[in-house]
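Here is a short briefing on one chain. It covers backbone geometry, core packing and helix contacts.

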Amino acid sequence: MAKNLIALALAAGLSLSLVGCITTTAPIANTDSFIVDNTTYKSTGKSQRIKTIVLHYTVSDNERSIQLLTAGKVSSHYLILKNDDDKIYNLVPESERAWHAGDGSFAGRTIINDTSIGIEIVNKGIQPQYLNALKNDNLDYHPYEHFVEFDEIQIKKVAQLVKDIAARYEISPKNIIGHSDLAPSRKIDPGAKFPWQQLYKQYGIGAWYDDADKVAFMDTDAFSAATIPELKQEFRNYGYQINNSDEWDKASRDVVYAFQLHFRPRNPTGEVDLETYAISKALNKKYADTNDFY
C-alpha cells in the first residue's frame with residue numbers, strides 16, 4: 001500500500017512537472033486599419049535612386065555570356081547579344097540590384113551596384129592575337145588596335161536603351177560610364193572601340209567635350225606649369241577616384257588610361273600629355289555645374 005502511494009505521488013509530481021514545461025503563446029494583436037497618406041505632405045529633399053548607367057563588354061560569345069549572366073553570381077540588368085535581331089534582353093528587373101560593377105568608385109559613390117543599371121554587350125574585348133601582348137610585348141596597356149569592334153546594330157540597341165533609362169531616372173550625362181571608369185585598375189571594358197563620341201554626337205547620349213574648349217586649353221605653358229596634384233585634381237573633379245601621391249604611379253596611370261579609353265581612345269597610353277590635359281579641362285568646364293557627388 002505504501003509503495004502504491006509513493007508511486008502515485010511520483011506520477012502526479014511528474015505530470016505537474018510536464019505541465020509546468022508547457023508554454024503558451026500569447027495571441028497576436030490585430031492592428032487597426034490605418035491609412036497611408038502619400039498625397040498630403042511631400043518632401044523636396046529627394047532624388048532618383050538610380051544614378052549611374054555602367055556599360056560593359058562580356059569578353060565572350062553569346063552562349064557563354066548568357067550562361068555567365070544567368071546561372072552564376074555575376075549579373076546585369078540588360079544583355080545585348082551579337083545578333084542581327086530586334087531583341088534586348090532584360091535579365092534583372094531595374095528595381096532589383098544586379099551584380100555587375102564590383103569594387104570601384106565614381107562621382108563619390110563607392111557601392112555602384114546599389115545605384116546603377118548595368119548593361120552587358122557581347123564582345124570579345126581583346127583580339128585573340130593580342131591576348132598576351134602586355135606580357136610578351138612588355139606593354140603596360142593595350143593600344144586601340146588590340147580591341148574588338150562592336151557591331152553597328154549593337155550600338156543602335158545601346159543607344160535606344162541608354163536614352164530611355166537616362167530619361168526615366170534623370171541620369172547626368174557624366175554618369176553614363178564604362179566599367180573601366182569606375183574600376184580603372186581592374187577593368188578596361190567596354191574598351192577603346194566603344195563609340196562614346198558617336199553616341200554623344202549622333203544620339204545625344206553621355207558626356208563629351210566641346211572641340212573649341214579643347215583647342216583653347218591646348219596651352220603648352222599652362223600644361224608645363226601644372227603640378228602632378230593639380231593634374232590629378234582635374235580627373236578627380238570629373239568623378240574619377242585617383243590617389244593623392246605626388247607621382248604617376250601605376251594606380252594613377254590606370255586612371256589616366258581609363259579616361260583616355262573613354263575620351264581619347266585612338267591613343268590610350270596611360271600618360272598625361274597636352275591633349276589629355278586639354279580634354280580634362282574642357283570636360284570640367286562644360287560639366288562644372290552637373291556634379292552629383294552625394
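Alanine 107 sits in the loop between strand 3 (89-90) and strand 4. In this predicted model, its phi is positive, about 55°, although the residue is not a glycine. Most residues other than glycine have a negative phi, and most peptide bonds are trans. The points below take up the backbone, the core and the helices.

**Backbone exceptions**

- Alanine 107 has 4% relative accessibility, so it counts as buried.
- Asparagine 138 also has a positive phi, near 55°, and is a residue other than glycine.
- The loop that holds asparagine 138 runs between helix 3 (133-136) and helix 4.
- Is asparagine 138 buried or exposed? Its relative accessibility is 70%, so asparagine 138 counts as exposed.
- Aspartate 189 and proline 190 are joined by a cis peptide bond, with omega about 10°.
- Proline 190 belongs to the loop between helix 5 (179-182) and helix 6 (196-203).

**Nonpolar core**

- The largest nonpolar core contains 59 residues.
- Leu55, Ile119, Ile165, Ile176, Phe194 and Tyr240 have the most contacts inside this core.
- Helix 4 (residues 152-169) supplies the largest share of this core, eight residues.
- Leaving aside residues up to four places away in sequence, isoleucine 119 touches Ile53, Val54, Leu55 and His56 among others.
- Further contacts of isoleucine 119 include Tyr78, Ile80, Leu161, Val162 and Ile165.

- Which residues of helix 2 (residues 62-71) are buried? They are Asn62, Ser65 and Leu69.
- Viewed down the axis of helix 2, these buried residues fall within an arc of 65°, so they line one face of the helix.
- An α-helix has 3.6 residues a turn, so residues three or four places apart point the same way.
- Glu63 and Ala71 are exposed on the other side of helix 2.
- Strand 2 (78-80) and strand 4 (116-121) are what the buried residues of helix 2 pack against.

**Helix 10 against helix 11**

- Helix 10 (residues 250-263) packs with helix 11 (residues 274-286) at an angle of about 75°.
- The axes of helix 10 and helix 11 are 11 Å apart.
- Angles of 65 to 115 degrees count as roughly perpendicular, and helix 10 and helix 11 are therefore roughly perpendicular to each other.
- From helix 10, Val256, Phe259, Gln260 and Phe263 meet Thr276, Ile279, Ser280 and Leu283 of helix 11.
- By class, this contact of helix 10 with helix 11 has five nonpolar residues, three polar ones and no charged ones.

Notes: Residues are numbered from 1 along each chain as its sequence is written. This is a predicted model: local features need pLDDT of at least 70, side-chain atom pairs count only at pLDDT 80 or more; totals for chains, interfaces and linings use all residues. Side-chain values use heavy atoms; hydrogens and water are left out. A nonpolar core is a set of buried Ala, Val, Leu, Ile, Met, Phe, Trp, Tyr and Cys residues joined through side-chain atoms within 4.5 Å. Buried means under 20% relative accessible area, exposed over 50%, partly exposed in between (1.4 Å probe, protein chains only). Helices (H or I, at least four residues) and strands (E, at least two) are DSSP runs, numbered from the N terminus. Contact means heavy atoms within 4.5 Å. The arc is that of the directions from the helix axis to the C-beta atoms. Axes are lines fitted to C-alpha atoms, for helices over the stretch in contact, and angles run from 0 to 180 degrees between N-to-C directions. Angles under 35 degrees count as roughly parallel, over 145 as roughly antiparallel, 65 to 115 as roughly perpendicular and the rest as oblique. Ala, Val, Leu, Ile, Met, Phe, Trp, Tyr, Cys and Pro count as nonpolar, Asp, Glu, Lys and Arg as charged, and the others, Gly among them, as polar.
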